[in-house]
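Here is a short note to read alongside the structure. Keep the view open and follow the points in order.

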Amino acid sequence: FSQANPAIADELIGKLSADAQAPAKQMKDLFLSDCTDPAVMKAEIEKIKGSLPEAVKKELEEHKNDLADKLG
């Protein structure tokens, strides 16, 4: 995730369903935070995704792949 291009993430988040937008924003905020410990970040992401319906988890996974493609 590129901290220099949060607008790209915001643009893609805006295309997500209403149910997926809030957790996607939480994940974006985590990546933009000062946290650099991969284990902590992974745990926080799992906590965000923990209670989401499978359809939303799938949508977020697709969003992650789209974001990676956009950012190169």
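1. How many residues does helix 2 have, and how far does it reach from its first C-alpha to its last? Helix 2 runs over residues 18–32, which makes 15 residues. It reaches 22 Å, close to the 21 Å expected at 1.5 Å a residue. Bear in mind that this is a predicted model.

2. Look next at the buried side of helix 2. A20, P23, A24, M27, K28 and L30 are buried there. They cover an arc of only 155° around the axis, so they sit on the same side of helix 2. The cover over these buried residues includes helix 1 (6–13), helix 3 (38–49) and helix 4 (54–71).

3. Helix 3 gets the same check. Its 12 residues should span 16 Å at 1.5 Å a residue, and its end C-alpha atoms are 16 Å apart, which agrees. M41, I45 and I48 are buried in helix 3. Their arc around the axis is only 60°, so they are on the same side of helix 3. Helix 2 is among the elements that cover them.

4. The face turned away from its buried side carries the exposed residues A39, K42 and K47. At the start of this helix, a side-chain oxygen of D37 comes to within 2.9 Å of the backbone nitrogen of A39.

5. Which residues make up the largest nonpolar core? There are 12: I13, L16, A20, A24, M27, L30, M41, I45, I48, L52, V56 and L60. The largest share, four residues, comes from helix 2. In soluble globular proteins, nonpolar side chains tend to be buried together.

6. Leaving aside neighbours within four places in sequence, L30 is in contact with M41, E44 and I45.

7. Is H63 buried or exposed? H63 lies in helix 4. Its relative accessible area is 10%, so it is buried. Again leaving aside neighbours within four places in sequence, H63 is in contact with A9, L12, I13, L16 and A24.

8. On to the charges. The count comes to six salt bridges. One of them joins D10 and K28, with the closest N and O atoms 2.6 Å apart. This pair links distant parts of the chain: D10 is in helix 1, K28 is in helix 2, and they are 18 residues apart. At 39% relative accessibility, D10 counts as partly exposed. K28 has 13%, so it counts as buried.

9. What separates K64 and E61 in helix 4? They are three residues apart, so about one helical turn lies between them. Their side chains meet in a salt bridge, at 3.1 Å from N to O. K64 is partly exposed, with a relative accessible area of 47%. E61 is partly exposed too, at 35%.

10. One more salt bridge joins K58 and E62, where the closest N and O atoms are 4.0 Å apart. Both residues lie in helix 4, four residues apart, which is about one turn of the helix. K58 has 55% relative accessibility, so it counts as exposed. E62 has 40%, so it counts as partly exposed.

Note on methods
Residues are numbered from 1 along each chain as its sequence is written. This is a predicted model: local features need pLDDT of at least 70, side-chain atom pairs count only at pLDDT 80 or more; totals for chains, interfaces and linings use all residues. Side-chain values use heavy atoms; hydrogens and water are left out. Helices (H or I, at least four residues) and strands (E, at least two) are DSSP runs, numbered from the N terminus. The expected span of a helix is 1.5 Å times one less than its number of residues. Buried means under 20% relative accessible area, exposed over 50%, partly exposed in between (1.4 Å probe, protein chains only). The arc is that of the directions from the helix axis to the C-beta atoms. Contact means heavy atoms within 4.5 Å. A nonpolar core is a set of buried Ala, Val, Leu, Ile, Met, Phe, Trp, Tyr and Cys residues joined through side-chain atoms within 4.5 Å. A polar contact is a pair of N or O atoms within 3.5 Å; within protein, one must be able to donate a hydrogen and the other to accept it, and residues adjacent in sequence count only if both atoms are side-chain atoms.
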